[in-house]
Amino acid sequence: MPDLKLWAAALNGMPGVDAKRWQQLDPVARWLLACRASVLFMTLTAAMLGGLLAWRDGHFNALLWLACALGLTFAHASNNLLNDFTDSRRGIDRNNYYRNQYGVHVLEDGLMSASQFWRYFAFTAAIALALGLWLVSVRSGPTLGLMLAGTFFVLFYTWPLKYIGLGEPAVLLVWGPLMVGGTYFVVAGSWSGAVAWLSLVFALGPTTVLFGKHTDKLDADREKSVRTLPVILGERRARQATGALLLAQYGLTLVLVLAGAFSWPLLLVFASLPSLHRSLGMLRKPKPQTRPESYPEKLWPLWFSAACFRHTRHFTPLFLLGVVLDTLLQ
């Protein structure tokens with residue numbers, strides 16, 4: 001029987017399971033845990049935003065949008081699986097590394113054999129590839145280039161991009177112009193510079209979460225010779241950069257409204273300023289060496305990433321609501 005409760009938990013967080021519990025799970029629950037499904041909402045949201053903007057401009061195609069949204073989501077899931085495999089194979093995730101302290105790592109926890117893992121990956125990647133190829137056959141022009149760019153980031157984000165300080169810029173590019181702008185192009189049939197700029201407002205959210213996570217595990221990454229951008233910048237500058245990225249979401253939103261590309265409903269994002277204030281407050285100080293007594297145990301050792309994730313959870317719905325209202329006003 002499907003474990004709907006665990007499905008919901010896997011979509012909302014990263015619950016831990018032991019080997020005995022794993023054997024009792026249905027295939028869907030295992031897949032959701034293995035590919036860290038709780039973070040896939042960011043990709044689905046990017047596809048929703050691209051589709052909404054296409055609808056705003058009067059060029060919506062439901063079938064093309066659905067294929068694009070599913071293709072992007074399965075591509076992201078493929079990347080998550082490949083990320084865990086690469087870091088496990090290179091020895092990064094061994095010996096209680098940061099990644100092992102939260103959620104399920106199917107390889108390091110011994111829940112899957114290598115052959116089982118590759119079956120999961122093949123299934124996930126095949127769906128993404130099939131949908132991508134179908135979209136290329138339907139939509140000519142840059143669609144093939146967009147697909148090849150996405151494939152590049154799926155295959156090479158973990159190594160070498162993340163190891164040489166290019167992981168964070170890659171996320172900004174992928175969740176912005178590539179996903180949102182690409183979805184808009186596939187659905188509407190044309191490229192939009194205004195949509196590409198707006199996509200950066202959204203993409204800054206996932207980028208701050210990743211920046212926060214890499215700052216959280218800066219020492220562990222340095223010991224493993226994983227030179228993420230926070231490792232290169234150093235802890236203090238990494239915190240400052242993350243704060244600047246958070247502020248940039250509001251600044252870019254204001255510029256788009258003042259420039260007339262979008263109307264006043266986008267300013268609803270400023271209702272998330274209290275969450276921004278809390279996040280910036282955490283970023284002003286180094287991460288505690290041990291979990292504060294008042295801090296939720298289930299979140300530790302996430303600290304800066306948890307703060308940025310919480311801000312993104314407040315900012316993004318307001319941002320999407322602003323885009324919806326702007327669309328209706330058109």
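Me: In helix α7, about how many helical turns separate F152 and F156?
Reply: The model is a predicted one, in which local features need pLDDT of at least 70 and side-chain atom pairs count only at pLDDT 80 or more, while totals for chains, interfaces and linings use all residues. Residues are numbered from 1 along each chain as its sequence is written, and side-chain values use heavy atoms, with hydrogens and water left out. Helices here are DSSP runs of H or I of at least four residues, numbered from the N terminus. Helix α7 covers residues 143-156, and because F152 and F156 lie 4 residues apart in that helix, their separation is about one helical turn.

Me: At what angle do the ring planes of F152 and F156 stand?
Reply: Rings of Phe, Tyr and Trp (its six-membered ring) pair when their centres lie within 6.5 Å, and planes under 30 degrees apart count as stacked, over 60 as edge-to-face and the rest as tilted. The whole structure contains 12 aromatic pairs by this search. For F152 and F156 the centres are 5.3 Å apart, and the pair is tilted because the planes stand at 45°.

Me: Is F156 buried, partly exposed or exposed?
Reply: With a 1.4 Å probe and protein chains only, buried means under 20% relative accessible area, exposed means over 50%, and partly exposed lies in between. F152 has a relative accessible area of 39% and is partly exposed. At 35% relative accessibility, F156 counts as partly exposed.

Me: Which residue has its charged end over the ring of W300?
Reply: A charge sits over a ring if NZ of Lys or CZ of Arg is within 6 Å of the ring centre and within 35 degrees of the ring normal. R313 has its charged end over the ring of F41, 4.5 Å from the centre. Over the ring of W300, at 5.0 Å from its centre, sits the charged end of K287.

Me: How many disulfides does the structure hold?
Reply: A disulfide is counted where two cysteine sulfur atoms lie within 2.5 Å. The structure holds 0 disulfides. C68 is in none, since the nearest cysteine sulfur, belonging to C35, is 18 Å away. C68 is buried at a relative accessible area of 7%, and the number of disulfides is 0.

Terms used:
Helix = DSSP H or I, 4+ residues; strand = E, 2+ residues; numbered from the N terminus.
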